[in-house]
Amino acid sequence: MSSVLQDPDNTNWPDSGSELSRQDLGRLIYASICQVDGPVLDEMRRIRDHAVVNNQAHNLRVALMHRCGWFVEWIEGPPDGIRALLERVALDPRHRSLRVVHESVGKPRLFKPWIGSIAQTTETTGEFARRVMALQERHQKGKGYEPASVWRSLCSPLPGHVEVAAANDGSYQRVMMMSAARTDAFDLLRWLSAHEQRAVVHRRFAGAARDALDVESDYLDLPQQAAAGRRLIVNARKGLAMGMTHAFLPDYAAVVILLDADAERNEHLLDRLLTACQHVHHQPVIVGLGADSWFSDSLRSATEARGLRWHEARAVGPSSDMATLWWALKRILDALS
């Protein structure tokens, strides 16, 4: 993990640019073949430093992803500003074969000046290109999806058996997890990956906030008998300062906090999470997960005072036993699906 992740409790939310706008604005997503020589992460950091200044000056918010040798960029802001940025990208030697896969006017999802991410994948460049072409064709025929669905379908696609309709109607359950201390949520995901013999997808986000410049976010897809499936997304604590976490909060069925014996850490993370949820006007279920003695009435009271629902996944047995933690959590998630 990057050395910038030194202090898990140093991130404030929201920052000065995260106010929720109710006004419609332009939204555009394009994909282009990456022509960068050398490490892509280093280039993404250089793009970030330049873009943060320019995007704010033109009231633009941008998310940039690198995957399978392609860039995918999601832009929101004034239509004239979007078009000007697109023209600059078309002339940029780091991009080739630019294809617009979404363009619309509507409610914003991006509330930070710049978000960047790199996703590891076993998908080939050709397979990714075919998905780009299919989305471009739908867009040209006027049958395109809303921007969040377009972004997900390119940057974190669902398993092949899951239809896009399931991704949008809630039958494919998305759950975010983060730890009040240490890396417990990542440890649980790795254990579950080995137990279920399913691969974890590793992602790295590069944000604009000084205290959250590089953050890990991994996910694992699991089948469900009674629904289309379930995706568990683990974010580092600093992920709450990342614009991409903010952008997709409305899509989570639940957010899970892996509790710690330190009650102050639990309350601190919960407060930041509840504040983030309030700023996107969304009320996911908040689930506390941990040893029975780690729960307190103050966690439930704080959650319900903000108008959100609180559930408790109390693990009976050693708190370090991943199987015990998972079955306690699974019972709650199954009931919510």
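## Two paired strands

Ala 291 stands opposite Ala 315, a residue of strand 12. This spot belongs to strand 11 (residues 285–291) and strand 12 (residues 310–315), which run in the parallel sense and pair over six bridges. Two strands are said to pair if DSSP finds at least two bridges between them. Strands (E, at least two residues) and helices (H or I, at least four) are DSSP runs, numbered from the N terminus.

## About the model

This is a predicted model: local features need pLDDT of at least 70, side-chain atom pairs count only at pLDDT 80 or more, and totals for chains, interfaces and linings use all residues. Residues are numbered from 1 along each chain as its sequence is written, and side-chain values use heavy atoms, leaving out hydrogens and water.

## The whole chain

Let's zoom out. The protein chain has ten helices and twelve strands. Of its 337 residues, 55% are buried (under 20% relative accessible area, 1.4 Å probe, protein chains only).

## Two packed helices

Helix 6 (residues 184–196) packs against helix 10 (residues 322–336) at about 90°, with axes 10 Å apart. Axes are lines fitted to C-alpha atoms over the stretch in contact, and angles run from 0 to 180 degrees between N-to-C directions. The two helices are therefore roughly perpendicular (65 to 115 degrees).

Terms used
Angles under 35 degrees count as roughly parallel, over 145 as roughly antiparallel, 65 to 115 as roughly perpendicular and the rest as oblique. Buried means under 20% relative accessible area, exposed over 50%, partly exposed in between (1.4 Å probe, protein chains only).
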